[in-house]
Every structure is written in C-alpha cells, then in structure tokens.
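The structure is shown first.

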Amino acid sequence: MGKTYTRMGDGSVIELSESELKRDLEEGTRDAAERGRIPPLCEDELSYLFDIYSIPYRFVSVDRGNEVVLTYDAATLKIRRVGVLTHRIQSLQIYEKLLGADTLEFDHVDYSFKPVKPIIAYEQTELEQALLVTTIPMFYGAMPNLGSYTQPDGPCLNPMELLPMGKITEARAAQEEMVEHAVKDMVNVASAMYESGADGINFDTTGAAGDTDFLATLRAVEILRKKYPQMCIEVGMAGEFILGMHGELTYDGVRVAGLYPHKQVELVEKAGATIYGPAINTNTDESCPWNIARAATFTKACVENSHIPVHADMGMGVGGIPVVDQPPVDAVSRASKAMVEIARLDGL
Amino acid sequence: MGVGDPAGMASAHNTASGMGGMRTAGDLVARMQMSRGMKIKEAKEYVANKLKVSVSDLADPVVMNEMRDDLDIGMVSTSLFPGSAKGIEAKLRIAELLDIEINCVNKFRDKIGRALRA
Amino acid sequence: MDKEEILKEARKAIIDADKAKAEELAKRAIAEGVDPLEMINKGFRAGITEVGDLFGRGELFLPELILSAEAMKGAADILTAALPKGTKKRRGKIVIGTAQGDIHDIGKSMVVSFLQANGLEVYDLGRDIETQKFIDKAQEVNADIIGMSALLTTTMSGQKALIQELKKAGLREKYKVMVGGAPATQRWADRIGADAYGIDAADAAKKAMELLGEG
C-alpha cells in the first residue's frame, strides 16, 4: 500500500504510511478509552476504519441499508451565512427540498434562548407560517448560553471575573443564580414555540458554559416533559465532557462536572429528553483518522448505554470533522460513514 | 448534526449517510424517533411496515417517490404534480398513515373545527 | 527532607491546592539551599502542569484549579524574593481579552488562571473588547504579549485585525501575539501571522512561557 492521503484536524493535507495510519487509529481510540474509562475499539473496528481511510476514493458512503436520520441544527442561519439572502422559510425549504434533511430547525440569528424572549411573538408567527408550508418535522432550536446571563450582558455577577480573584463562593452563588434565570427563559420560549406547533425543541450546544449550562438544561427538560408529555426534546452537547466551572452541581444525586457522553446520556434520559446529541471535539494537532477513532470510541460507548436515539453532532470541529470553515468532502464523508457504522448512530 | 458550510457538510452528510428526507422516507423515520423515541432500527421497521415496503426501500428515491405520490404525503417535485398535498395537508395524511400525533396538525384541526362550527 | 523529596512534595501541594503547605515548602527549600528557580520549575510548575492535565480531562474543576493557582503564586512569590540580586527576572506581562462582539469569556478566563499560575502579570480586559483597547493597554503597561480569544467564526477576524492594527501602528515587532478559541487553529495562527496558538488553556500558558523564553 502506498501512502494514504488524509488530513489533520485543521484540514491541512497529510500523507500517512500504513503503519502511521494504524498507529493513529490505535492512539485515537486509546485516548478516548483512557479519558472516558470506556472500552477501546476492537481489532475488527480498527480494521474497518483502516479500510475507510486507505481507500483512495475522494468520497465514501455507508453501505446500503445503513442510512440514518439526518437533522440540521441552526438551518435557517446557514444559508445566510454564505451570503445567500433568503428568508428563513425559504432557507428551510432549501434544506427540505434540496439538501435531504429529515428534520428542520427554525431558529433566531442570535441562536440563544435569552434574546428570543422579548421577540417571542415574531418567532411564533413565523414558525406558524413555516409549519404551514413544510412537510418534514420541525424543531425550534437555541442554545442555553448561560454566559449571556452574566454582567455586563445579564443580571448576574460574572463568575469568570470572580474566579480568577479567588472569590469561589461568590462565583458559585452567581452560577446558581444564572441557572434559575436560564431555566425560566428556556421553559418560556420552548413552551411558546411548542404552543405554536413545533414538533420539538432542540437545546443546542448544551454545556458550552460548563456544568451550570448542562444543569439548567436538564431542569428545563424536566419541567417541559411534565408540561408537554408528547413534546420531542433533543439535547445536543457543546463538547465531550462537562467543564466544571462550578464543580459541585448535581442532578439526581450525580455531580455533572466531568461527565463524558456515556454518562451524560443517563441524566439526559432521566430528565425526560427524547433524543441526545453527543459532541466529541476535534483535536487540530492530530490527524482525521486519530480523531475519528477517538470520536467513534466515545460515541459507541454512549449509544450502547442509551435507551433513546443518539444523533451525533458532526458539524465543524466535532465528531471527527476538521475545524475549518469549508470542510472537504473526503474528510466529511469518511467521518460520516465511520461514525454511523462504528458507533451505530440513530442519526446525525 | 451541526451544520456549517451547506455544500461541504449538509450535502456531504446527506450523500454519505442520510436517509434522504422527502426524496425518500427519511422524514417519516425521523417522525417515529421524535414521537415515540424509537431507535433507528425500530423506527425504520415501523415505517416499512406501515408502507408495506422493505426496510432498504425506505432510502430509495425511486420507490419512495412513487409511494409518496400514491399516498399523497408530499413530494419534492411538487410542480410536476398539480393538486398534490403540500405542507400542512401532507402532514395531516402522514399523521394518519403513521398513526401518530403531529403537533401542528392537531392545532390546525382544532382551528378548522372551530371555524366550521362557527 | 532531601531535594528530590521537597520537589515531589511541592508538586503534590499544588495538586492538592494546599497553599499553606506550598508556602512552607518554599521557605524550607530556601533554608535548605535548594535553587529557587529549580524549585519553581521542577516542583511547583510540574504540579500546575499536572493540574492542567487533570482539568483538560474533566477530572478537576475550575474552582480547584484557581486554588492550585493561588498556592502556586504564594510559593512562587516567596521563592522569587529569595533569588540573588541580578538574577531576578522581570515577570512577563500579558494583555488578554475576547474579540470585539464576542461575549464568550470562559476559555479566556481559564487561560488567565493558567497564566497567573505560571507567574505572569496578567491584564485581563474582559470580554467584547475593541481591538484598539488591546493595543492601548499593552502600550500602557509595557506588555510582552497580547492574547485574543474568539469563540465564534464571526468574531475570529478580530484576531487578524489586531495584527493588522499593530502593523499599521508600527508596533508589530514590539509585542508577541497569541490567539485561541474554538475556531482558531495553528493553521489560522500561521495565516494571520500570530506568534503562537494555544489549543487549550494549559497549552496557551505553555506557549506564553515559550514566547518569554521560559518554556
């Protein structure tokens, strides 16, 4: 075998020899196994990944019959992101009719629950119009974004200013206050959008602000589940483990800081979510094969431990996708096939 | 999936591993995950059983386009089929076909019912 | 207690975030003639590196990291004061903040903690900071490094703008520029002409020390 053409996690092209490719796959799975205290991929799985990466085709795909549900987070933002000036409803139609979406997501350009609060009526009426003209299931999506509740952008003292000063008690109190504000906003916005007809609510990039972010989301999910037993609730993550910004917050007696996906999903299920979306960070200093072996190891353990559908986050910089604005199809298609077939995903 | 560059990510994932959305039965399988919390295997089997097709046909655009036409549950090329169900009408039929509740359909039904009674 | 034992205990005191113990060890090291610089680098700094690794794995959390950093600072202050005249190095200075329009300051604040733990004088401007303010502050405090964090693809252009503004002002050679944040990569740092990129908070501190010739 000649050298394999692949990429680094930042998208740069590299070539790996057979032994280098094997080594990267082995080291990637070992890294995940050590961090998550989960089993590494077995020989057969590593061999399957080896084949995916050594095949010279520019594009690869899953085997017939292995297709999974394809969802799109923040869909209404991404057409405008490339400078195509469509209305949000047109953007949704593009994803529905042109890009093979199995679900849609309606969202506000700020993509956080807090700023939607004062303009909720506008959001509701546009969502209602979108629901009349689209056929496939529609989420309303936003980020918990607990950082937006801290001064100067929010009402709470900023823990990120208090902590470096050693004011740990004050920082923790501020974080607990942030959780209360965020839960209220998430429940209010999600309720309004569900009352307007959305099929589901997607809490996207949960945990971005650490354990407070994750805890607030779990509490909001719990309230919404009691309020709307039929509502589809998806919890998508920001990163592979919950950063401990507070460090002592618990949900159902479990400390949330430091949890990896196979443990996160247990709490997400307990709170009452319908779908869980793990996000495994891409390391830009390592190769795509290293990153995929690692992401598949974490995600497989999570799928095996989950009773609800798992839709892995596979956008820029997560799930083995390089951290680059325009990810190349050789890298994306390999990540897609590998994650679906090795981790046994229910969707992306 | 988190989406960024639509051509690099959405289009690539769609071709590499997606079910196909309205071109196939992807949206129907997604509805079973969302409404009943089914994992992919169970959701596919449920939809295949309702449509009386094989599981592998669910992602076949030829078979499923004809099926969607026959069942009038919404198609991609609506301009070729004047009078075919679109949007909320298609969802009304999908709710009946899959025997599930669809939130906006229920709300639409309530409103129509109120209007007819008025 | 021999030197190796003191170094080992110093490392442990930082991991345990035991400030009193760290300061006591610093004093004992001086009394027993251990080289203060060796004590900082092989003892306390080794501890903070391990703390960073544990934090990066989700096994230790930010409040604990802050306490470890405080323990490190307390010990380092005692040891630095004991350095012979003429060998005392000026503490490196860094001005840091998030790019204009970016309110995401968690990553930046973690970097601040690691920088402080490594003995740097940190001027934290906070979040959503105008590019010119980074330069003004660096000029005011005679900084060595300017660091800019960006979480969003929409705000990372601020990092490029900072370097362009420094060039325009004829100050590019005066300051080292570091960049970081979720969408930033080494490739991006190279492309905009930054001097260093930190993949995470611990790496950022390591790169800052390297830029200061102390890595």
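In chain C of this predicted model, helix α7 (residues 157-168) lies across strands β3 and β4 (176-180). The direction of α7(C) makes about 155° with that of β3(C). Helices (H or I, at least four residues) and strands (E, at least two) are DSSP runs, numbered from the N terminus. Axes are lines fitted to C-alpha atoms, for helices over the stretch in contact, and angles run from 0 to 180 degrees between N-to-C directions. Contact means heavy atoms within 4.5 Å.

The open sheet in chain C has five strands in the order β2-β1-β3-β4-β5, with parallel pairing; two strands pair if DSSP finds at least two bridges between them. At the edges stand β2 (121-124) and β5 (196-198) of chain C, each with a single partner strand, so one side of each has no neighbour in the sheet. From one strand to the next, the twist averages 25°. Four bridges join β1 (residues 93-98) of chain C to β2(C) in the parallel sense, and Lys93(C) stands opposite Glu121(C) in β2(C). Helix α6 (residues 131-141) of chain C also packs on the sheet, where it touches β1, β2 and β3 (145-149) of that chain. The direction of α6(C) makes about 160° with that of β1(C).

Residues are numbered from 1 along each chain as its sequence is written, with chains lettered from A and ligands numbered from 1 in the order in which they are written. Local features need pLDDT of at least 70 and side-chain atom pairs count only at pLDDT 80 or more, while totals for chains, interfaces and linings use all residues; side-chain values use heavy atoms, without hydrogens and water.

A cavity is a set of points, on a 1 Å grid over the protein atoms alone, where a 1.4 Å probe fits but cannot get out; lining residues have an atom within 4 Å of a point. Grid points are joined across faces, edges and corners, and a volume is the space filled by probe spheres set on the points. Two cavities of 30 Å³ or more are found.

| Cavity | Volume | Lining |
|---|---|---|
| Largest cavity | about 70 Å³ | 13 residues |
| Second largest cavity | about 40 Å³ | 10 residues |

Nearest the centre of the largest cavity lie Gly147(A), Thr150(A), Met160(A), Met178(A) and Ile106(C). Its lining includes at least two residues from each of α7 (159-162) and α8 (168-195) of chain A.

For the second largest cavity, the closest residues to the centre are Asp73(A), Glu234(A), Gly236(A), Gly277(A) and Asp313(A). Strand β6 (residues 232-237) of chain A gives the largest share of that lining, three residues.

How values were computed
On a 1 Å grid over the protein atoms alone, a cavity is a set of points where a 1.4 Å probe fits but cannot get out, and a pocket is an open set with protein on both sides within 12 Å along at least five of seven lines; lining residues have an atom within 4 Å of a point.
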